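Please keep the model open while you read.

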Amino acid sequence: MKKSISALLLLALLSGCSQAPAPPSGPSAADLLAEGAKVYTKTCASCHMADGGGVPNLQPDLNDNPVVTGDPTTLIRVLIQGPAKVLPPDRPHFSNTMPSFAPTLSDEQIAAVLTYIRQQYNNNPSAIDVQKVAVIRNQYGG
Ligand code: HEC
């Protein structure tokens with residue numbers, strides 16, 4: 001008897017859980033893009049320009065850029081560590097220096113701005129995940 005009551009209770013609990021709405025798992029894609037546009041304008045446009053086009057010899061063009069559209073881990077590391085520590089030594093040379101943004105941007109701001117430059121300048125709709133930024137910040141410092 002006791003057993004079947006606790007089994008019933010367990011059943012009630014379990015079905016209660018399965019009916020609860022799933023908690024929102026982070027910002028929606030639209031939120032990320034809106035936030036990314038803000039971060040870009042404030043933090044990146046002074047060097048990479050509002051249209052992402054950069055300035056010849058000073059800062060790279062982010063349009064149709066293989067680093068931006070490529071491996072998310074490398075792209076996140078470019079912001080967390082700064083490009084000089086991450087990109088191959090034989091890359092094209094630019095006379096300006098891009099700092100690490102680990103001290104000034106949150107994981108969510110980094111995910112947002114990278115998602116924004118992938119979609120806005122590269123037609124790559126795959127978003128950069130906030131959790132992935134957190135993992136890479138842990139691993140590579142910042
Ligand atoms: C002070 C100027 C400056 C600012 C501000 C700046 N960057 Fe850069 N960025 C550069 C330079 C210079 C390079 C090339 C660095 C190198 O190759 O060592 C670069 C490289 C990159 C790259 C790698 C692409 C490539 O072809 O090398 C990405 C991606 C990037 N920046 C994104 C951003 C984002 C996103 C922001 C804003 C959060 C930002 N940058 C802010 C100057 C800047």
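1. Start with the loop between H2 and H3, where Met49 lies. Helices here are DSSP runs of H or I with at least four residues, strands are E runs of at least two, and both are numbered from the N terminus. Met49 follows directly on H2. Met49 is not a glycine, yet its phi is positive, about 70°. Most residues other than glycine have a negative phi. Met49 is partly exposed, because 14 other C-beta atoms lie within 10 Å. The cut-offs are these: buried means 20 or more other C-beta atoms within 10 Å of the residue's own, exposed means 12 or fewer, and partly exposed is in between, with C-beta atoms placed from the backbone.

2. Two notes on the source. This is a predicted model, in which local features need pLDDT of at least 70 and side-chain atom pairs count only at pLDDT 80 or more, while totals for chains, interfaces and linings use all residues. Residues are numbered from 1 along each chain as its sequence is written.

3. Asp64 sits in the loop between H2 and H3. Asp64 also has a positive phi, about 45°, although it is not a glycine. Is Asp64 buried or exposed? Asp64 counts as exposed, because it has 11 C-beta neighbours inside 10 Å.

4. Gly54 is found in the loop between H2 and H3. Gly54 has 18 C-beta neighbours inside 10 Å, so it counts as partly exposed. Leaving out residues up to four places away in sequence, Gly54 touches His48, Met49, Gln59, Pro60, Asp61 and Leu62. Contact means that two C-beta atoms, placed from the backbone, lie within 7 Å. Gly54 and Cys44 are 10 residues apart along the chain, and their C-alpha atoms are separated by 9.9 Å.

5. Now look at H2 itself. H2 bends by about 50° at Thr41. The bend is the angle between axes fitted to the seven residues ending at a residue and the seven starting there. Buried residues of H2 include Tyr40 and Cys44. The buried residues of H2 pack against H5.

6. Which residues are closest to the ligand? They are Cys44, Cys47, Pro60, Pro83 and Met98, out of 24 that surround it. A residue is near if its C-beta atom, placed from the backbone, lies within 6 Å of the molecule. H2 gives the most to this shell, with five residues.

7. The largest nonpolar core has 24 residues, and those touching the most other members include Leu79, Ile110 and Leu114. H5 gives the largest share of this core, eight residues. Such a core is a set of buried Ala, Val, Leu, Ile, Met, Phe, Trp, Tyr and Cys residues joined through C-beta atoms within 7 Å. Leaving aside neighbours within four places in sequence, Leu79 is in contact with Phe101, Ile110 and Leu114.

8. Last, the whole chain. It has six helices and zero strands. Buried residues make up 24% of its 142 residues. Among contacts between residues at least 6 apart in sequence, 63% join residues at least 24 apart.
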